[in-house]
Amino acid sequence: MSKDYDDTNRGGIWKNVRKESDRHPDFTGQLNVEGVEYWVSAWKRKPDASAKAPALSFSIKRKDESVRESAQKARETVDEFNDDIPF
């Protein structure tokens, strides 16, 4: 499948169908900034919040960040088992 459009500096969010608690985002999606992909999470303003509060608040995480975090944890685990064991 060919890509007929450039999605650089574009993104979208959709209703989070897997929301199980108030701490989970109301919306999730993706964002591309200067060719770097990000995950987007958004929460709606609470009904009792000030009218000056934003309608949505966002959390943005670089997509490859989770891969880097997993690799770092794996390296730390391997380092723990590389102890010198005297026999």
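Colleague: Which strands form a hairpin here, and how many residues sit between them?

Modeller: Strands of a sheet pair through backbone hydrogen bonds, either parallel or antiparallel. In this predicted model, β2 and β3 make a hairpin with two residues between them. β2 covers residues 27–33 and β3 covers residues 36–44. The two run antiparallel and are joined by seven bridges.

Colleague: Which residues of β3 are the bridge partners of Phe27 and Thr28?

Modeller: Phe27 has Ala42 as its bridge partner in β3. For Thr28, the partner in β3 is Ser41.

Colleague: What should I look for in the turn itself?

Modeller: Look at phi. Most residues other than glycine have a negative phi. Glu34, in the turn of the hairpin, has a positive phi of about 55°. Glu34 is not a glycine.

Colleague: Is Glu34 buried or exposed?

Modeller: Anything over 50% relative accessible area is called exposed. Glu34 has 63%, so it is exposed. It belongs to the loop between β2 and β3.

Colleague: Where does Asn9 lie, and what is its phi?

Modeller: Asn9 lies in the segment before β1. Its phi is positive, about 60°, and Asn9 is not a glycine either. Its relative accessibility is 48%, so Asn9 counts as partly exposed.

Colleague: How many bridges link β3 and β4?

Modeller: Seven, in the antiparallel sense. One of the residues to check is Trp43, whose bridge partner in β4 is Ser57.

Colleague: Which residues form the nonpolar patch on the surface?

Modeller: Ile13, Phe58 and Ile60. Together they have about 280 Å² of accessible area. Ile13 is found in strand β1, residues 11–15. It has a relative accessible area of 31%, so it is partly exposed. As for the general idea, side chains in a regular strand alternate between the two faces of the sheet.

Colleague: What share of the chain is buried?

Modeller: The cut-off for buried is under 20% relative accessible area. Buried residues make up 9% of the 87 residues in the chain.

Colleague: Where in the chain is the confidence lowest, and where is it highest?

Modeller: Read pLDDT element by element. Helix α1, residues 63–80, is lowest, with a mean of 64. β1 is highest, at 96. The chain averages 83, and 71% of the residues score at least 70.

How values were computed:
Residues numbered from 1 in each chain as written. Predicted model: local features only at pLDDT ≥ 70, side-chain atom pairs only at ≥ 80, totals over all residues. Heavy atoms only, no water. Patch = residues over 30% accessible without salt bridge, like charges linked within 9 Å, V, L, I, M, F, W, Y side chains within 5 Å. Areas by Shrake-Rupley, 256 points an atom, 1.4 Å probe, with all protein chains shown as cover. Salt bridge = Lys/Arg side-chain N within 4 Å of Asp/Glu carboxyl O. Helix = DSSP H or I, 4+ residues; strand = E, 2+ residues; numbered from the N terminus. Buried < 20%, exposed > 50% of the residue type's maximum accessible area, 1.4 Å probe, protein only. pLDDT = per-residue confidence, 0-100. Pairing = 2+ DSSP bridges.
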